[in-house]
Amino acid sequence: FEPDVGMFTTLVEAALKHGDLLAAERWFSQSINTGKLPGVITLNAMIEVAARSGGMDMVGRWYKKGIDAGIEPSMSTYNVLIDVASKRGDLAAAEI
């Protein structure tokens with residue numbers, strides 16, 4: 001049995017809701033590695049949680065991972081990135 005993209009998305013979102021970033025990262029990465037790309041909404045959620053858990057490096061890493069996997073960023077993705085950068089006082093990063 002292999003999960004489909006919907007199952008991977010549910011697993012990522014459940015892990016994020018429980019504050020388990022490591023599990024969310026594992027499911028997100030596994031979905032990419034099996035060719036079942038999560039949607040941009042899931043990517044945005046990963047970026048938001050990464051912002052709460054780490055710094056801009058972690059946020060940038062997740063953004064790049066999504067781009068490299070072929071997930072097309074949305075206006076919401078850029079809003080999340082700008083919001084995170086501005087809350088951290090990193091105006092240079094907000095000018096992406």
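A: Let me start with a convention for helix pairs: an axis is a line fitted to C-alpha atoms, for helices over the stretch in contact, and angles between N-to-C directions run from 0 to 180 degrees. The structure above is a predicted model, where local features need pLDDT of at least 70 and side-chain atom pairs count only at pLDDT 80 or more, while totals for chains, interfaces and linings use all residues. Residues are numbered from 1 along each chain as its sequence is written, and side-chain values use heavy atoms, leaving out hydrogens and water.

Q: How many helices and strands does the protein chain have?

A: Helices (H or I, at least four residues) and strands (E, at least two) are DSSP runs, numbered from the N terminus. Here the count is 6 helices and 0 strands. Along the sequence, the pattern of the protein chain reads α-α-α-α-α-α.

Q: What radius of gyration does the protein chain have, and what would a compact globule have?

A: This radius is taken over C-alpha atoms, and the globule rule is 2.2 Å times the number of residues to the power 0.38. For 96 residues, the rule puts a compact globule near 12 Å, and the 13 Å of the protein chain agrees with that. Along the principal axes, its C-alpha atoms fill a box of roughly 45 × 25 × 20 Å.

Q: Are α4 and α5 roughly parallel or roughly antiparallel?

A: Helix α4 (residues 56-69) packs on helix α5 (residues 75-87) at about 170°, with the axes 11 Å apart. That angle makes α4 roughly antiparallel to α5. Met56, Val59 and Tyr63 of α4 meet Thr77, Tyr78, Leu81, Val84 and Ala85 of α5. The residues of this contact divide into 7 nonpolar, 1 polar and no charged.

Q: Which residues of the largest nonpolar core touch the most other members?

A: A nonpolar core is a set of buried Ala, Val, Leu, Ile, Met, Phe, Trp, Tyr and Cys residues joined through side-chain atoms within 4.5 Å. Of its 20 residues, Leu16, Phe28, Met46, Ile47 and Val59 touch the most other members. Helices α1, α2 (21-33), α3 (40-53), α4 and α5 each supply at least two residues, and the largest share, 6 residues, comes from α3. Setting aside residues up to four places away in sequence, Ile47 touches Val59, Trp62, Tyr63, Thr77, Val80 and Leu81.

Q: Where does Leu16 lie, and which residues does it contact?

A: Leu16 lies in helix α1 (residues 5-17). At 13% relative accessibility Leu16 counts as buried, the term for under 20% relative accessible area, with exposed over 50% and partly exposed in between (1.4 Å probe, protein chains only). Neighbours within four places aside, Leu16 is in contact with Leu21, Ala24, Ala45, Met46 and Val49. Across the protein chain, 36% of the 96 residues count as buried.

Q: Is Thr42 buried or exposed?

A: Thr42, in helix α3, is buried at 3% relative accessibility. Beyond four places in sequence, Thr42 is in contact with Thr9, Val12, Glu13 and Phe28. Of these, Thr9 sits in helix α1 and is buried too, with a relative accessible area of 18%.

Q: Which residues does Asn44 touch?

A: Asn44, also in helix α3, touches Ser74, Ser76, Thr77 and Val80, not counting residues up to four places away in sequence. Its relative accessibility is 7%, so Asn44 counts as buried.

Note on methods: Angles under 35 degrees count as roughly parallel, over 145 as roughly antiparallel, 65 to 115 as roughly perpendicular and the rest as oblique. Contact means heavy atoms within 4.5 Å. Ala, Val, Leu, Ile, Met, Phe, Trp, Tyr, Cys and Pro count as nonpolar, Asp, Glu, Lys and Arg as charged, and the others, Gly among them, as polar.
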